[in-house]
Amino acid sequence: MTRPIRPIRTTPPTPPTRRTVLGAGLAVAGTGLLAACSSGSGARPAADYLTPDSEVVGAAEARRKPGPEHRVRLTAVETPLDLGGGRTVRTWAYGDELPGKEVRVTAGGTLALTLANHLPQATSIHWHGLALRNDMDGVPGLTQRDIRAGGSFEYRFAVTHPGTYWFHPHSGVQQDRGLYAPLIVEDPREPLAYDREWVIVLDDWVDGVDGSTPDAVLAELGKGMGGMGDTGGTGHGGMEGHDMSAMSTTTRTAPSPSLSPSPSGGPSRMLMGATSELLGGDAGDVGYPYYLVNGRTPQNPQTFTAKPGDRIRLRIINAGGDTAFRVALGGHTFTVTHADGFPVEHARADALLLGMGERIDALVTVGSGAFPLTALAEGKHRTALAVLRTGGGAAPTASVRPKELDGQVVHGGELKAAESVRLAASRPDRTIEFRLTGSMMKYDWAVNGRKYDPAQRYPVRSGERVRLAFVNDTTMWHPMHLHGHTYQLPDGGARKDTSIVLPGKRLEADFDADNPGLWMVHCHNIYHAESGMMTVLGYLK
């Protein structure tokens, strides 16, 4: 029998005096910030937990046998960016590109990336989806110190598993600016055959538009829906004012933002009436002015060129802050090959649904002409666009809606893991239940009713098979993400690190506890996370 376990809380002591290196330093949790015993009855002392700078973490890295080094220098800057269609915004980005320049390494090698922080605030980099050493995971206050403004830090770690990944800050709502980029880990023994590769990064964009910033959006949302009515006494329901009725998946009429101004003085970005049957009701909180494919608006989309008959591997990444995307390529069907970097049994799809943080790889054999790659902002009824051109013909316009959007839609939760990456059959040694709580009314998103506190952990031991049980007690969907591991979904499901948990549903996910340290579990809606829907798994000594 497995046993549900209660969160263990520790009390942080006096801040440390240990000097930092290059403005970042060693892991905060390993320097003593979380090293005092809790005064709570029955709680474990923090000294019972492994820390990010412990010898065990270094030993685990050595067992990965880091290979040849790939060095990268990256600068986070405030810069103007041209989104196309006559829209230039001032934002934060990696260099002067959106997305940031792709980082590509070979599995078995070592990535050594130095980030120089030229932003006016501290920052960090999290390597989304990678099972890497804990002290390089990029979570300030848990695995490292902030990289201060004007400072720099070298991330250095073994890269063991091929696949489609990405990186972004784990500092406030910085991810919802332009600070993100793809990380492609190539397989030195790639089993797939294809002619070309197209990396597709999806995003919802608000920063720098009419005075809006992600911080202002968070401040507006944080005030809640006050006065719009609650759905009962639980505090976890939805709210009146969000229309939950079914709507056509391709209707041309978008839900409307609130008419009230935001705290910044710019337009309100709180979204009303966004619904999706695929997402179980309420689709999102934020009405973005733009939706992008590879940093471009539909009015001036990126064009990818190929030859008729080419077999193209699409690597699709949802880097959005509050938007699920439904993706289709007009006139074509997809053969899905990977979810979150891991191979799956191949599946045919007309369209693909990705929550924030999810990735899907698919193969497509292309015809002759110009075809729309359309990403529907699910439930928001706006689209992003790119163009695949293999021949003549007029380019698709921004208003195009491929019929494939209404065909067979496949998401990561429906896929089956390829035999080569399935976990060995085993009963869980430990079950941890995460109840997802909160509402739009109070904007009090949390895990098990508790807002994020890095001193609160759920314990696991190395060598255990751990079952995570996500129970969604809210009326909104949540893309839940586990750092440092991939889990397997039930009944031979896909190996993943990010999964959609629908309202009122329970999702179980099993993983092997084989990467010691302190690891975050959180909603990848950036505004839900920053409001408190985050927690920590901690390995016991």
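The structure is a predicted model, in which local features need pLDDT of at least 70 and side-chain atom pairs count only at pLDDT 80 or more, while totals for chains, interfaces and linings use all residues. Residues are numbered from 1 along each chain as its sequence is written, and side-chain values use heavy atoms, with hydrogens and water left out.

Strands are taken up before side chains. Strands here are DSSP runs (E, at least two residues), numbered from the N terminus. Two strands pair if DSSP finds at least two bridges between them. Strands of a sheet pair through backbone hydrogen bonds, either parallel or antiparallel.

With strand β15 (residues 290–293), β10 pairs in the antiparallel sense over four bridges. Here Leu202 has Val293 in β15 as its bridge partner. With strand β17 (residues 311–318), β10 runs parallel, joined by seven bridges. Val199 stands opposite Arg315 in β17. Eight of the 10 residues of β10 are buried, so β10 is largely enclosed by the rest of the structure. Buried means under 20% relative accessible area, exposed over 50%, and partly exposed in between (1.4 Å probe, protein chains only). β17 also pairs with strand β22 (residues 359–365). These two run antiparallel and are joined by seven bridges. Arg313 stands opposite Leu363 in β22.

Strand β21 (residues 351–354) and β25 pair in the parallel sense over three bridges. Leu353 stands opposite His411 in β25.

Aromatic rings were examined next. A pair of aromatic rings is described by the distance of the centres and the angle of the planes. Rings of Phe, Tyr and Trp (its six-membered ring) pair if their centres lie within 6.5 Å; planes under 30 degrees apart count as stacked, over 60 as edge-to-face and the rest as tilted. A search of the whole structure finds 11 aromatic pairs. One of them joins Phe153 and Tyr155 edge-to-face, at 4.7 Å centre to centre with 85 degrees between the planes. Phe153 is buried at 8% relative accessible area. Tyr155 is buried at 0%. A stacked pair is formed by Trp198 and Phe304, with 4.7 Å centre to centre and 10 degrees between the planes. This pair links distant parts of the chain, 106 residues apart. Trp198 lies in strand β10 (residues 196–205), and Phe304 in strand β16 (residues 303–305). Trp198 is buried, at 3%, and Phe304 is buried, at 15%. Tyr94, Trp127, Phe153, Tyr155, Phe157 and Phe167 form one aromatic cluster.

Charged groups also meet rings. A charge sits over a ring if NZ of Lys or CZ of Arg is within 6 Å of the ring centre and within 35 degrees of the ring normal. The charged end of Arg177 sits over the ring of Trp92, 3.9 Å from its centre. Arg457 lies over the face of Tyr49, at 5.1 Å from the ring centre.

His481 lies in strand β30 (residues 478–482). His481 is buried, at 0% relative accessibility. Beyond residues up to four places away in sequence, His481 touches several residues (heavy atoms within 4.5 Å), including His128, Asp497, His522 and His524. The side chain of His481 makes a polar contact with the side chain of His126 (3.4 Å). A polar contact is a pair of N or O atoms within 3.5 Å; within protein, one must be able to donate a hydrogen and the other to accept it, and residues adjacent in sequence count only if both atoms are side-chain atoms. Asn515 lies in the loop between β34 (506–512) and β35 (518–523). Asn515 is buried, at 3%. Its side chain reaches the backbone oxygen of Gly484 at 3.0 Å.
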